[in-house]
Amino acid sequence: MSSAVLRHDRDDVVHLTLNRSEKLNALNLEVFEALEGHVKDIAGGSARAVVLRGAGRCFSAGHDLQDIAVGENPPRPNYQAHVIELLADLPMPVISAVHGHCYTGALELALAGDVILAAESAKFADTHAKWALTPVWGLSQRLPRRVGTYKAREMMFTCRTYSGREALSIGLANACVADGEFDSAIDNLTAEILANSSFSHAANKRLLRETDGLSLSAGLSHEIYHSAGVGPDVAQRIAAFTGRTKQKPPL
């Protein structure tokens with residue numbers, strides 16, 4: 001598989017790293033093709049969490065403008081958007097770990113994560129309007145769901161850059177940590193996730209996805225009648241909690 005995206009597996013967590021550091025990890029077709037291959041492998045595997053991050057100085061400077069200028073030839077229409085949807089629809093939690101630039105197309109990619117962990121050096125911006133472009137990878141839908149429709153309008157209209165701390169304050173990032181603590185924060189977050197049931201994680205993601213946009217009454221009805229119910233590890237987890245067994249809870 002292409003080296004444009006690197007995969008490293010550790011402790012049931014798949015780490016995917018955008019690997020065009022000489023181009024500030026700008027997103028081109030090679031990156032998306034590599035990402036698609038990895039995501040499809042992950043979907044059929046036993047990983048329990050995914051971390052997406054960038055190599056070198058930043059997460060990603062965004063869609064490669066040189067590719068846009070010369071004209072891209074994707075393998076099918078709306079290809080990049082479909083790859084991002086594959087990532088967002090993975091059954092396990094996905095963490096977008098952002099340091100440095102995270103602009104426009106890169107922001108659309110990061111928004112596919114269930115959790116955005118920002119370093120203080122993170123710089124978030126939507127600059128579509130700067131280049132006379134419009135979102136086609138999900139930003140107009142995912143950004144307002146994170147920050148609210150009027151803050152999303154501000155970001156889209158001004159093309160302003162927001163720091164990691166500012167991203168935290170507006171709800172774009174779930175947490176913001178010092179750059180020197182970034183790697184350990186990723187490890188701590190994934191450890192918290194792994195301590196809990198993968199059955200519940202997958203079921204909760206499905207419920208959240210299926211009820212997004214529904215009225216409260218419709219959402220409540222869906223949860224009641226379409227919940228996945230009790231997982232296969234419930235008895236062992238309760239027994240471990242009550243001290244009847246020293247066995248660790250299953251995955």
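Mentor: Helices and strands are taken here as DSSP runs, a helix having at least four residues and a strand at least two, and both are numbered from the N terminus. With those labels, Leu-133 lies in the loop that links strand S7 (123-125) to helix H5 (139-147). The model is a predicted one. Because its relative accessibility is 33%, Leu-133 is classed as partly exposed, partly exposed being the range between under 20% for buried and over 50% for exposed. Leu-133 belongs to a nonpolar surface patch together with Leu-65, Ile-68 and Trp-131. The accessible area of these four residues together is about 330 Å².

As background, nonpolar side chains in soluble globular proteins tend to be buried together. In this model, the largest nonpolar core holds 49 residues, and Phe-59, Leu-109, Phe-124 and Leu-172 are the ones that touch the most other members. Helix H1 (residues 29-43) is the greatest contributor to this core, giving seven residues.

S5 and S7 run parallel and are joined by three bridges. The sheet is open, with three strands in the order S5-S7-S8 and mixed pairing. Strand S5 (101-103) and strand S8 (162-163) are its edges; each has a single partner strand, so one side of each lacks a neighbour in the sheet.

Definitions and conventions: Residues are numbered from 1 along each chain as its sequence is written. This is a predicted model: local features need pLDDT of at least 70, side-chain atom pairs count only at pLDDT 80 or more; totals for chains, interfaces and linings use all residues. Side-chain values use heavy atoms; hydrogens and water are left out. Patches are made of residues with over 30% relative accessible area and no salt bridge: like charges are joined within 9 Å, nonpolar side chains (Val, Leu, Ile, Met, Phe, Trp, Tyr) within 5 Å. Accessible areas come from the Shrake-Rupley method with a 1.4 Å probe; for residues, only the protein chains shown count as cover. A salt bridge is a side-chain nitrogen of Lys or Arg within 4 Å of a carboxyl oxygen of Asp or Glu. Buried means under 20% relative accessible area, exposed over 50%, partly exposed in between (1.4 Å probe, protein chains only). A nonpolar core is a set of buried Ala, Val, Leu, Ile, Met, Phe, Trp, Tyr and Cys residues joined through side-chain atoms within 4.5 Å. Two strands pair if DSSP finds at least two bridges between them.
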